[in-house]
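Subject: Structure handover and findings

Hello,

I am passing on the structure we discussed. Please look at it first and then read the notes below.

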Amino acid sequence: MILVSELKPGTTFEYEGNIYQCLNVDRNKTAMRQMIMKVKTKDLRTGTVNELTFTGGGKVEQAHIDKREMQYLYDAGEALCFMDLNTYEQIEIAKERLTWEMQFMKENDMVMISVYNGTEILGVILPDKVDLKIVECEPAVKGDTATNATKNAVVETGLAIRVPLFIKNGEMVTISTADGKYSGRA
């Protein structure tokens, strides 16, 4: 058990049967009453972000999340297939749980899989940035360079992004997985 007052961003805990990751903590202490803590959390099973309210003396159960490196093999229709290169164990994760992550993964990419209690697969942990190839890009129009001019482009995974005018078809670009935006040339 950990005290709610010890929660900090990145901490994982179990509360009312759900597994949460702490994103932010706001403490409110007035002279006449007990401290109230508002904890912004992400439910690791569903991916929803919400806010939980606790009193200062509350306790939650710590959740131990393991990370295993696996290779993304292929799209199996309703699920994506991953393999542990050490044990050759294969797992499938439903596509609806990985809608955001699918935009940044190519076949044979190495990814981190988060696992709760050694058996329950929670999802994929993406790296901060990924390198992807531009497959479709608008031509740059001469004279469109006032300030920070961008154009539409599509990368090999199907993700549509905005890139600077100098980027051409076939180039490798770096994309942030946090917001899906162009970050630079690879």
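Predicted model: local features only at pLDDT ≥ 70, side-chain atom pairs only at ≥ 80, totals over all residues.

Overall form

The protein chain has 16 strands and 0 helices. Its radius of gyration is 21 Å, whereas a compact globule of 186 residues would have a value near 16 Å. The C-alpha trace spans about 65 × 50 × 25 Å along the principal axes. Of the 186 residues, 37% are buried. Among contacts with a separation of 6 or more, 44% are between residues 24 or more positions apart.

The accessible surface is about 11100 Å², and carbon and sulfur atoms make up 48% of that area. On the charge side, there are 22 positive and 27 negative side chains. The centres of these two sets are 9 Å apart.

Nonpolar cores

In soluble globular proteins, nonpolar side chains tend to be buried together. In this model the largest nonpolar core holds 27 residues. The members that touch the most other members are F82, I113, V124, I134, I161 and I175. Strand β12, residues 129–137, supplies the largest share of this core, with 4 residues.

Beyond its neighbours within four places in sequence, I161 is in contact with I134, K151, N152, A153, V155, V173, I175 and G180. Two residues of that list, I134 and I175, are also named among the core members with the most partners.

V60

V60 sits in strand β6, which covers residues 59–62. Is V60 buried or exposed? V60 counts as buried because its relative accessibility is 1%, and the cut-off for buried is under 20%. With sequence neighbours within four places left out, V60 contacts M1, I2, V4, L7, F13, E14, Y15 and F54. I2 is 58 residues from V60 in sequence, yet their C-alpha atoms are 5.6 Å apart.

Two residues with positive phi

Most residues other than glycine have a negative phi. E16 is not a glycine and has a positive phi of about 55°. It lies in the loop between β2 (12–15) and β3 (18–28). E16 is classed as exposed because its relative accessible area is 65%, against a cut-off of over 50%.

Y88 is another residue other than glycine with a positive phi, here near 60°. The loop that holds Y88 runs between β8 (79–83) and β9 (90–94). Y88 is exposed as well, with a relative accessible area of 59%.

Buried residues in loops

D84 is in the loop between β8 and β9, which also holds Y88. The C-alpha atoms of D84 and Y72 are separated by 9.3 Å, and the two residues are 12 apart along the chain.

T177 is a further loop residue, placed between β15 (172–176) and β16 (182–185). Its relative accessible area is 9%, so T177 is buried under the 20% cut-off. Apart from neighbours within four places in sequence, T177 is in contact with W100, F104, L126, P127, D128, K129 and V130. K129 and V130 fall within the residue range of strand β12.

K8

K8 is found in the loop between β1 (2–3) and β2. K8 counts as exposed, with a relative accessibility of 53%. Once neighbours within four places in sequence are set aside, K8 is in contact with C22 and V25. Both C22 and V25 fall within the residue range of β3. K8 and E138 are 130 residues apart in sequence, and their C-alpha atoms are 44 Å apart.

Regards

Technical notes
Residues numbered from 1 in each chain as written. Heavy atoms only, no water. Rg over C-alpha atoms; globule rule 2.2 N^0.38 Å. Buried < 20%, exposed > 50% of the residue type's maximum accessible area, 1.4 Å probe, protein only. Contact = heavy atoms within 4.5 Å. Areas by Shrake-Rupley, 256 points an atom, 1.4 Å probe, with all protein chains shown as cover. Lys, Arg positive; Asp, Glu negative; His and termini not counted. Charge placed at Lys NZ, Arg CZ, Asp CG, Glu CD. Core = buried A, V, L, I, M, F, W, Y, C linked by side-chain atoms within 4.5 Å.
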